[in-house]
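Visitor: Could you walk me through how to read a structure of this kind, one feature at a time?

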Amino acid sequence: MWKQSVLVCAAVAMAAGAAHAADSWGLANETVTEIEATVVDIACVLNKDCPPNCGDGKRQLGLLTTDGKLRLAAKGQSVFAGAVRELLPHCGKVVFADGLLIQDPALTIFMVQNLRLTKADKLQPATAFDTDWAKQNGKANASDWFRADPRVKKVIEEDGVFGIKGLKPAPTP
Amino acid sequence: MMRRMFKICTLAALVAYGGGAAQAERVRVTGEVVDTWCALTGIMFAAGTAHHQCAVWCAAGGIPVSIKTSDGAYYVVLRIEDDDSSATSDTFVKIQSHEVSVDGELHERDGVKYLFVSKVADDKGVVNLTHSDFGIVPFGN
(Lines give C-alpha, C1' and ligand atoms only; values in the text may rest on other atoms or scores of the structure.)
Protein backbone atom coordinates (compact mmCIF):
# COMPACT_ATOMS: atom_id res chain seq x y z
CA MET A 1 0.00 0.00 0.00
CA TRP A 2 2.77 2.39 1.02
CA LYS A 3 4.82 1.42 -2.02
CA GLN A 4 1.83 2.09 -4.26
CA SER A 5 1.28 5.52 -2.68
CA VAL A 6 4.89 6.47 -3.17
CA LEU A 7 4.73 5.44 -6.84
CA VAL A 8 1.53 7.45 -7.36
CA CYS A 9 3.06 10.53 -5.68
CA ALA A 10 6.22 10.20 -7.76
CA ALA A 11 4.16 9.97 -10.96
CA VAL A 12 2.14 13.04 -9.96
CA ALA A 13 5.32 14.97 -9.12
CA MET A 14 6.91 13.99 -12.45
CA ALA A 15 3.77 15.00 -14.35
CA ALA A 16 3.66 18.34 -12.54
CA GLY A 17 7.34 18.91 -13.23
CA ALA A 18 6.93 18.16 -16.90
CA ALA A 19 3.90 20.42 -17.33
CA HIS A 20 5.49 22.94 -19.61
CA ALA A 21 5.01 23.72 -23.25
CA ALA A 22 8.22 25.54 -24.16
CA ASP A 23 10.08 24.43 -27.25
CA SER A 24 13.72 23.48 -27.17
CA TRP A 25 15.93 25.51 -29.47
CA GLY A 26 18.68 22.94 -29.24
CA LEU A 27 20.97 25.51 -27.66
CA ALA A 28 24.03 24.61 -25.65
CA ASN A 29 23.38 24.80 -21.90
CA GLU A 30 19.61 25.20 -22.28
CA THR A 31 17.02 23.67 -19.96
CA VAL A 32 13.34 23.66 -20.88
CA THR A 33 11.56 24.63 -17.70
CA GLU A 34 8.75 26.54 -16.06
CA ILE A 35 9.75 28.73 -13.14
CA GLU A 36 7.58 30.29 -10.46
CA ALA A 37 8.95 33.74 -9.72
CA THR A 38 8.22 37.35 -8.90
CA VAL A 39 8.64 39.92 -11.69
CA VAL A 40 11.24 42.49 -10.61
CA ASP A 41 13.13 45.51 -11.91
CA ILE A 42 16.71 44.22 -11.98
CA ALA A 43 18.35 47.59 -11.31
CA CYS A 44 16.04 48.02 -8.32
CA VAL A 45 17.04 44.65 -6.89
CA LEU A 46 20.74 45.36 -7.37
CA ASN A 47 21.13 48.98 -6.34
CA LYS A 48 17.88 49.99 -4.64
CA ASP A 49 17.08 52.53 -7.37
CA CYS A 50 13.39 51.73 -7.66
CA PRO A 51 11.07 53.88 -9.80
CA PRO A 52 7.35 53.03 -9.79
CA ASN A 53 6.02 50.08 -11.78
CA CYS A 54 9.44 48.48 -12.41
CA GLY A 55 10.51 51.46 -14.50
CA ASP A 56 7.34 51.48 -16.62
CA GLY A 57 8.81 49.40 -19.43
CA LYS A 58 12.05 51.31 -19.76
CA ARG A 59 14.20 48.91 -17.74
CA GLN A 60 15.30 45.31 -18.01
CA LEU A 61 13.16 42.99 -15.92
CA GLY A 62 13.96 39.79 -14.13
CA LEU A 63 12.36 36.83 -12.43
CA LEU A 64 13.16 36.32 -8.74
CA THR A 65 12.52 32.72 -7.76
CA THR A 66 11.48 31.56 -4.33
CA ASP A 67 15.00 30.31 -3.58
CA GLY A 68 16.40 33.77 -4.32
CA LYS A 69 17.74 33.22 -7.83
CA LEU A 70 17.53 36.32 -10.01
CA ARG A 71 17.00 35.37 -13.66
CA LEU A 72 17.57 37.91 -16.42
CA ALA A 73 14.53 37.70 -18.72
CA ALA A 74 16.40 38.42 -21.93
CA LYS A 75 14.01 37.22 -24.64
CA GLY A 76 10.32 36.75 -25.31
CA GLN A 77 8.57 34.89 -28.13
CA SER A 78 8.38 37.84 -30.54
CA VAL A 79 11.13 37.85 -33.12
CA PHE A 80 14.12 40.10 -32.23
CA ALA A 81 12.38 41.24 -29.03
CA GLY A 82 12.98 40.97 -25.32
CA ALA A 83 10.62 40.06 -22.49
CA VAL A 84 9.92 43.43 -20.89
CA ARG A 85 6.54 43.88 -22.58
CA GLU A 86 5.52 40.42 -21.45
CA LEU A 87 6.46 40.86 -17.84
CA LEU A 88 5.70 44.52 -17.15
CA PRO A 89 1.96 44.03 -16.52
CA HIS A 90 2.96 41.64 -13.73
CA CYS A 91 5.52 43.85 -11.96
CA GLY A 92 5.81 42.74 -8.33
CA LYS A 93 3.54 39.76 -8.89
CA VAL A 94 4.18 36.04 -9.00
CA VAL A 95 4.06 34.42 -12.44
CA PHE A 96 4.81 31.04 -13.94
CA ALA A 97 7.26 31.63 -16.78
CA ASP A 98 7.69 28.77 -19.23
CA GLY A 99 10.74 28.83 -21.42
CA LEU A 100 14.46 28.20 -21.69
CA LEU A 101 16.95 28.67 -18.89
CA ILE A 102 20.31 29.07 -20.61
CA GLN A 103 23.19 28.58 -18.19
CA ASP A 104 26.22 29.36 -20.30
CA PRO A 105 29.44 29.57 -18.27
CA ALA A 106 29.73 33.20 -19.44
CA LEU A 107 26.16 34.28 -18.72
CA THR A 108 22.83 32.91 -17.50
CA ILE A 109 19.64 34.16 -19.17
CA PHE A 110 15.99 33.15 -19.42
CA MET A 111 13.86 33.11 -22.57
CA VAL A 112 10.17 33.52 -21.74
CA GLN A 113 8.07 31.56 -24.21
CA ASN A 114 4.78 31.36 -22.31
CA LEU A 115 3.28 32.84 -19.17
CA ARG A 116 0.50 32.10 -16.73
CA LEU A 117 -0.49 33.55 -13.40
CA THR A 118 -1.45 30.29 -11.69
CA LYS A 119 -0.72 26.66 -12.40
CA ALA A 120 -4.41 26.20 -13.18
CA ASP A 121 -4.31 28.80 -15.96
CA LYS A 122 -3.61 27.99 -19.58
CA LEU A 123 -0.17 29.07 -20.78
CA GLN A 124 -0.28 32.22 -22.91
CA PRO A 125 2.40 32.83 -25.55
CA ALA A 126 4.79 35.66 -24.65
CA THR A 127 4.05 37.79 -27.70
CA ALA A 128 2.90 41.04 -26.08
CA PHE A 129 5.67 42.89 -27.91
CA ASP A 130 3.97 42.18 -31.27
CA THR A 131 0.59 43.26 -29.93
CA ASP A 132 1.95 46.50 -28.46
CA TRP A 133 3.95 47.31 -31.60
CA ALA A 134 0.88 46.77 -33.81
CA LYS A 135 -1.18 49.07 -31.58
CA GLN A 136 1.40 51.82 -31.99
CA ASN A 137 2.36 51.30 -35.62
CA GLY A 138 -0.46 49.38 -37.27
CA LYS A 139 -0.93 45.70 -38.00
CA ALA A 140 0.22 45.76 -41.62
CA ASN A 141 3.93 45.33 -40.88
CA ALA A 142 3.74 43.77 -37.42
CA SER A 143 5.30 40.46 -38.46
CA ASP A 144 8.27 42.37 -39.91
CA TRP A 145 8.29 45.03 -37.17
CA PHE A 146 12.09 45.18 -37.13
CA ARG A 147 12.22 46.43 -40.71
CA ALA A 148 9.24 48.79 -40.39
CA ASP A 149 9.97 50.27 -36.97
CA PRO A 150 10.44 54.06 -37.36
CA ARG A 151 13.23 54.24 -34.81
CA VAL A 152 15.16 51.35 -36.36
CA LYS A 153 14.76 52.86 -39.83
CA LYS A 154 16.11 56.18 -38.59
CA VAL A 155 19.20 54.57 -37.00
CA ILE A 156 19.93 52.46 -40.09
CA GLU A 157 19.41 55.45 -42.39
CA GLU A 158 21.82 57.51 -40.29
CA ASP A 159 24.57 54.93 -39.66
CA GLY A 160 24.02 52.33 -42.37
CA VAL A 161 23.49 48.57 -42.06
CA PHE A 162 27.10 48.11 -41.00
CA GLY A 163 27.05 50.93 -38.43
CA ILE A 164 29.61 52.96 -40.35
CA LYS A 165 28.39 56.03 -42.20
CA GLY A 166 28.97 55.75 -45.94
CA LEU A 167 29.83 52.03 -45.88
CA LYS A 168 27.31 50.23 -48.04
CA PRO A 169 26.75 46.60 -49.03
CA ALA A 170 28.26 45.55 -52.33
CA PRO A 171 25.64 45.47 -55.07
CA THR A 172 24.27 42.00 -55.64
CA PRO A 173 25.17 40.59 -59.06
CA MET B 1 -1.90 27.77 1.14
CA MET B 2 1.01 26.85 -1.15
CA ARG B 3 0.64 30.16 -2.97
CA ARG B 4 0.76 32.06 0.33
CA MET B 5 3.87 30.10 1.33
CA PHE B 6 5.49 30.98 -2.00
CA LYS B 7 4.74 34.68 -1.52
CA ILE B 8 6.22 34.55 1.99
CA CYS B 9 9.35 32.81 0.65
CA THR B 10 9.70 35.36 -2.16
CA LEU B 11 9.27 38.24 0.28
CA ALA B 12 11.87 36.64 2.53
CA ALA B 13 14.24 36.34 -0.41
CA LEU B 14 13.72 40.00 -1.31
CA VAL B 15 14.27 41.07 2.30
CA ALA B 16 17.34 38.84 2.57
CA TYR B 17 18.86 40.56 -0.41
CA GLY B 18 17.84 43.91 1.04
CA GLY B 19 16.51 44.97 -2.36
CA GLY B 20 20.09 44.81 -3.54
CA ALA B 21 22.65 43.80 -0.99
CA ALA B 22 24.96 42.37 -3.66
CA GLN B 23 28.48 43.77 -3.38
CA ALA B 24 29.38 46.22 -6.11
CA GLU B 25 32.85 46.72 -7.53
CA ARG B 26 34.32 49.59 -9.55
CA VAL B 27 35.64 48.29 -12.87
CA ARG B 28 36.83 49.32 -16.31
CA VAL B 29 35.53 47.10 -19.11
CA THR B 30 36.72 47.09 -22.71
CA GLY B 31 34.97 45.22 -25.49
CA GLU B 32 32.37 45.17 -28.22
CA VAL B 33 28.77 46.15 -27.53
CA VAL B 34 26.63 43.18 -28.56
CA ASP B 35 23.09 41.95 -28.76
CA THR B 36 23.11 39.54 -25.84
CA TRP B 37 20.70 36.95 -27.26
CA CYS B 38 22.34 36.34 -30.63
CA ALA B 39 25.88 36.61 -29.31
CA LEU B 40 25.38 34.25 -26.37
CA THR B 41 23.22 31.60 -28.01
CA GLY B 42 25.27 31.36 -31.19
CA ILE B 43 22.10 31.08 -33.30
CA MET B 44 23.89 33.17 -35.91
CA PHE B 45 27.17 34.96 -36.44
CA ALA B 46 26.81 37.96 -34.13
CA ALA B 47 29.76 40.34 -34.16
CA GLY B 48 30.88 43.51 -35.86
CA THR B 49 29.60 45.08 -39.04
CA ALA B 50 27.99 41.89 -40.38
CA HIS B 51 25.59 41.71 -37.47
CA HIS B 52 25.15 45.42 -36.78
CA GLN B 53 21.68 45.74 -38.30
CA CYS B 54 20.38 42.76 -36.33
CA ALA B 55 21.96 44.13 -33.15
CA VAL B 56 20.03 47.38 -33.72
CA TRP B 57 16.80 45.41 -34.20
CA CYS B 58 17.37 43.48 -30.99
CA ALA B 59 18.25 46.53 -28.89
CA ALA B 60 15.18 48.34 -30.24
CA GLY B 61 13.17 45.24 -29.35
CA GLY B 62 14.37 45.48 -25.77
CA ILE B 63 16.83 42.58 -25.70
CA PRO B 64 19.56 43.37 -23.15
CA VAL B 65 22.72 44.96 -24.47
CA SER B 66 26.06 43.62 -23.25
CA ILE B 67 29.72 44.41 -23.60
CA LYS B 68 31.60 41.29 -24.66
CA THR B 69 35.27 41.34 -23.79
CA SER B 70 38.09 39.65 -25.68
CA ASP B 71 38.11 36.78 -23.16
CA GLY B 72 34.43 36.01 -23.85
CA ALA B 73 32.94 37.57 -20.71
CA TYR B 74 29.56 39.32 -20.97
CA TYR B 75 28.69 42.47 -19.02
CA VAL B 76 24.96 43.22 -19.21
CA VAL B 77 24.57 47.00 -19.32
CA LEU B 78 21.77 48.46 -17.18
CA ARG B 79 22.79 52.11 -17.35
CA ILE B 80 24.91 54.30 -19.62
CA GLU B 81 25.88 57.48 -17.78
CA ASP B 82 22.58 59.28 -17.00
CA ASP B 83 20.44 56.95 -19.06
CA ASP B 84 18.95 53.95 -17.25
CA SER B 85 16.31 53.11 -19.87
CA SER B 86 18.14 49.93 -20.76
CA ALA B 87 15.14 48.38 -22.54
CA THR B 88 14.08 51.31 -24.71
CA SER B 89 16.62 54.09 -25.00
CA ASP B 90 18.23 55.28 -28.21
CA THR B 91 21.54 55.38 -26.33
CA PHE B 92 21.48 51.58 -26.10
CA VAL B 93 20.44 51.20 -29.74
CA LYS B 94 22.95 53.62 -31.27
CA ILE B 95 25.97 52.16 -29.49
CA GLN B 96 25.49 48.64 -30.89
CA SER B 97 28.64 46.98 -32.29
CA HIS B 98 30.88 49.80 -31.02
CA GLU B 99 34.23 49.04 -29.43
CA VAL B 100 34.15 50.81 -26.07
CA SER B 101 35.98 51.21 -22.80
CA VAL B 102 33.70 52.08 -19.94
CA ASP B 103 33.99 52.73 -16.23
CA GLY B 104 31.25 51.55 -13.99
CA GLU B 105 29.86 49.59 -11.11
CA LEU B 106 29.75 45.82 -11.42
CA HIS B 107 27.18 43.65 -9.62
CA GLU B 108 27.53 39.88 -10.03
CA ARG B 109 24.45 37.84 -9.35
CA ASP B 110 23.42 34.28 -10.27
CA GLY B 111 25.61 33.89 -13.32
CA VAL B 112 25.27 37.44 -14.64
CA LYS B 113 27.68 40.37 -14.57
CA TYR B 114 25.49 43.49 -14.45
CA LEU B 115 27.17 46.79 -15.26
CA PHE B 116 26.07 50.32 -14.42
CA VAL B 117 28.25 52.47 -16.67
CA SER B 118 29.15 55.77 -15.07
CA LYS B 119 31.36 56.95 -17.93
CA VAL B 120 32.10 55.93 -21.50
CA ALA B 121 35.84 56.53 -21.42
CA ASP B 122 36.41 55.67 -25.07
CA ASP B 123 34.13 54.89 -28.00
CA LYS B 124 35.95 53.86 -31.18
CA GLY B 125 32.70 53.29 -33.09
CA VAL B 126 32.27 50.14 -35.17
CA VAL B 127 35.74 48.76 -35.90
CA ASN B 128 35.15 45.00 -36.13
CA LEU B 129 34.84 44.65 -39.92
CA THR B 130 33.21 41.27 -40.37
CA HIS B 131 30.91 41.98 -43.32
CA SER B 132 33.43 41.09 -46.01
CA ASP B 133 33.53 37.53 -44.65
CA PHE B 134 29.95 37.12 -43.51
CA GLY B 135 27.84 39.64 -45.47
CA ILE B 136 24.79 40.85 -43.59
CA VAL B 137 23.61 38.44 -40.90
CA PRO B 138 20.80 37.42 -40.93
CA PHE B 139 19.04 37.54 -44.30
CA GLY B 140 22.00 38.75 -46.38
CA ASN B 141 21.96 41.87 -48.52
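Guide: Read along the sequence, chain B runs α-β-α-α-β-β-α-β-β-α, which comes to five helices and five strands; helices (H or I, at least four residues) and strands (E, at least two) are DSSP runs numbered from the N terminus. This is a predicted model, in which local features need pLDDT of at least 70 and side-chain atom pairs count only at pLDDT 80 or more, while totals for chains, interfaces and linings use all residues. Residues are numbered from 1 along each chain as its sequence is written, and chains are lettered from A and ligands numbered from 1 in the order in which they are written.

Visitor: What percentage of the residues in chain B are buried?

Guide: A residue is buried if 20 or more other C-beta atoms, placed from the backbone, lie within 10 Å of its own. In chain B, with its 141 residues, that applies to 48%.

Visitor: How many residues of chain B are in contact with chain A?

Guide: Two residues are in contact if their C-beta atoms, placed from the backbone, lie within 7 Å. Here 51 residues of chain B are in contact with 48 residues of chain A.

Visitor: Which element gives the most to the side of chain B that touches chain A?

Guide: H1(B) does, with seven residues. The residues on that side of chain B divide into 26 nonpolar, 20 polar and five charged, where Ala, Val, Leu, Ile, Met, Phe, Trp, Tyr, Cys and Pro count as nonpolar, Asp, Glu, Lys and Arg as charged, and the others, Gly among them, as polar.

Conventions:
A residue is buried if 20 or more other C-beta atoms lie within 10 Å of its own, exposed if 12 or fewer, and partly exposed in between; C-beta atoms are placed from the backbone.
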